[in-house]
Amino acid sequence: MAERRTAIVGIGAYLPPKVLTNFDLEKMVDTSDEWIRTRTGIRERRIAPEGIYTSTMSVEASRQALQMAGLRPEQIDLIVCCTVTPDYPFPATAALIQKDLGAWNAFGFDVQAACAGFLYGLTMADQFIRTGSARYVLIVGVEMLSRVTDWQDRSTCVLFGDAAGAAVVTAAEGRGLLSSRLYLDGSLWDLIYLPAGGTRLPASEKTVQERLHFLRMRGNEVFRVAVRYMGRAVREVLEDVGLTADQVDWLVPHQANHRITQALIDYLGLSAEKVYANIEYTGNTSAASIPVALVEMLEKDLLRPGQVIGLTALGAGIAYGAALLRW
Ligand code: ACO
């Protein structure tokens, strides 16, 4: 009998309808379409309008994932919501997702691992499934960074987009998670962070005036560690299962910057056709980027049973990791 592993049996995505192009950004900050395209690979991103929240986007993506899995919301045992942009500092956005979906038999929590969120969520879901404490887990990777972006800061506001991705996982035979590795390098905590609103700098008139409720990023330094850390993590999961990079059918990296992806391709010696990229139309959607990419790949009929799919991501923390799945 084939070994049972944690496998994705349903997946869904939600992108808000409003498109913000590089040309729109040219009118907002001192930048150009040319700079953004050549430095990041991004042409446009989606921005959620007022009235749409992190939980709203999550529920849309989750309904699709449940439908594909052929499950009712009450069959979900656990909701893992991966986000750094929750509806509220507390309660967990997982609670709002549970309420709006009607997933009344689920327990749930939020995972804060920024762009590595989906990988963290998938790996945690795997633990609950392997111990038998959950049968069906809903993992949501969702981000609304537009609400914590400083639209006067050209070095960050051109990068991010809003989106949600959701996956239902359960134990399955002959497919699923082959290996995953998670890492955290807290010595680099201040490369990407949101200064105010926590216990160190509670909200005040001063924090608002000083624009401290918006994310800060030292992009250039993130860039330098990104390739090395993600590249190493991918090599480790390959070693775990005794595969070489050329035996991977697809690598789906977190969509942060097309130059990072290109450098990763070179580092791993992969062929570029095996690396999925959609940053051009989504921007960096943080925890949503991997599940959104997987949904697109399914829609384009790129994913086939038996394929080996590599995932890797890195974000604030610095939290990062990699996983290998048999589709
Ligand atoms: N338009 C025009 N010029 C710009 C812009 C812009 N939008 N942004 C920055 N510049 C300028 C800078 O001011 C700088 O000018 P200077 O040389 O006169 O000082 C110049 O461009 C180069 O700036 P760098 O920061 O060195 O540019 P770089 O090539 O590194 O690209 C970028 C910046 C795109 C942010 C890149 O560093 C990057 O993608 N980093 C990784 C981001 C990432 O992966 N984040 C992780 C996930 S985020 C999360 O976890 C929430």
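Val-137, Ile-139, Gly-141 and Glu-143 point one way from strand E6, Leu-138, Val-140 and Val-142 point the other way, and all are buried. In this predicted model, 7 of the 7 residues of E6 (residues 137-143) are buried, so the strand is largely enclosed by the rest of the structure.

**Strand E6 and its partners**

- Strand E4 (residues 78-82) pairs with E6 in the parallel sense, over 5 bridges.
- Within that pairing, Leu-138 of E6 has Ile-79 opposite.
- Strand E7 (residues 163-173) runs antiparallel to E6, and 7 bridges join the two.
- Ile-139 has Ala-167 in E7 as its bridge partner.

**Ala-164 in strand E7**

- Ala-164 belongs to strand E7 and is buried, with a relative accessible area of 0%.
- Although 21 residues separate Ala-164 from Glu-143 in sequence, their C-alpha atoms are 6.4 Å apart in space.
- Leaving aside residues up to four places away in sequence, Ala-164 touches Gly-12, Ala-13, Tyr-14, Met-57, Ser-58, Ala-61, Gly-141, Val-142, Ala-288 and Val-292.
- Among these contacts of Ala-164, Gly-141 and Val-142 are residues of E6.

**The four-strand sheet**

- Four strands form an open sheet in the order E8-E13-E12-E11, with mixed pairing.
- Strand E8 (176-184) and strand E11 (250-253) stand at the edges with a single partner strand each, so one side of each has no neighbour in the sheet.
- From one strand to the next, the twist averages 10°.
- E8 pairs with strand E13 (residues 319-326) in the antiparallel sense over 8 bridges, and Arg-181 stands opposite Ala-322 in E13.
- E11 pairs with E12 in the parallel sense over 4 bridges, and Val-252 stands opposite Leu-311 in E12.
- Trp-250 and Val-252 point one way from E11, whereas Leu-251 and Pro-253 point the other way; all are buried.
- Helix H11 (residues 289-299) lies across E11 and strand E12 (308-315), and runs at about 140° to E11.

**Ligand site**

- Of the 26 residues around the ligand, those that come nearest are Thr-31, Arg-39, Asn-220, Asn-257 and Arg-259.
- A polar side-chain atom of Thr-31 lies 2.6 Å from a nitrogen atom of the ligand.
- For Trp-35, a polar side-chain atom is placed 3.4 Å from a nitrogen atom of the ligand.
- In the case of Arg-39, the polar side-chain atom lies 2.7 Å from an oxygen atom of the ligand.
- The ligand taken alone exposes 1,000 Å², of which the protein buries 75%.
- Two or more residues of the shell around the ligand come from each of H2, helix H6 (154-157), helix H8 (219-241), helix H9 (258-268) and E12.
- H8 gives the most to this shell, with 4 residues.

**Thr-31 in its loop**

- Thr-31 is placed in the loop between helix H1 (22-26) and helix H2 (33-40).
- The relative accessibility of Thr-31 is 16%, under the 20% limit for a buried residue, and therefore Thr-31 counts as buried.
- Apart from residues up to four places away in sequence, Thr-31 touches Leu-25, Glu-26, Ile-36 and Val-158.

**Cis peptide bonds**

- The peptide bond from Phe-90 to Pro-91 is cis, with omega near 5°; Pro-91 lies in the loop between E4 and helix H4 (93-101).
- Gly-317 and Ile-318 are also joined by a cis peptide bond, with omega about -5°.
- Ile-318 is found in the loop between E12 and E13.

**Positive phi angles**

- Ser-286 is not a glycine, yet has a positive phi of about 55°.
- This serine, Ser-286, sits in the loop between helix H10 (279-282) and H11 and is buried, with a relative accessible area of 2%.
- Asp-301, likewise a residue other than glycine, has a positive phi near 60°.
- Asp-301 is located in the loop between H11 and E12 and counts as partly exposed at 49% relative accessibility.

Methods. Residues are numbered from 1 along each chain as its sequence is written. This is a predicted model: local features need pLDDT of at least 70, side-chain atom pairs count only at pLDDT 80 or more; totals for chains, interfaces and linings use all residues. Side-chain values use heavy atoms; hydrogens and water are left out. Buried means under 20% relative accessible area, exposed over 50%, partly exposed in between (1.4 Å probe, protein chains only). Two strands pair if DSSP finds at least two bridges between them. Contact means heavy atoms within 4.5 Å. Axes are lines fitted to C-alpha atoms, for helices over the stretch in contact, and angles run from 0 to 180 degrees between N-to-C directions. A residue is near a molecule or strand if one of its heavy atoms lies within 4 Å of it. A polar contact is a pair of N or O atoms within 3.5 Å; within protein, one must be able to donate a hydrogen and the other to accept it, and residues adjacent in sequence count only if both atoms are side-chain atoms. Accessible areas come from the Shrake-Rupley method with a 1.4 Å probe; for residues, only the protein chains shown count as cover.
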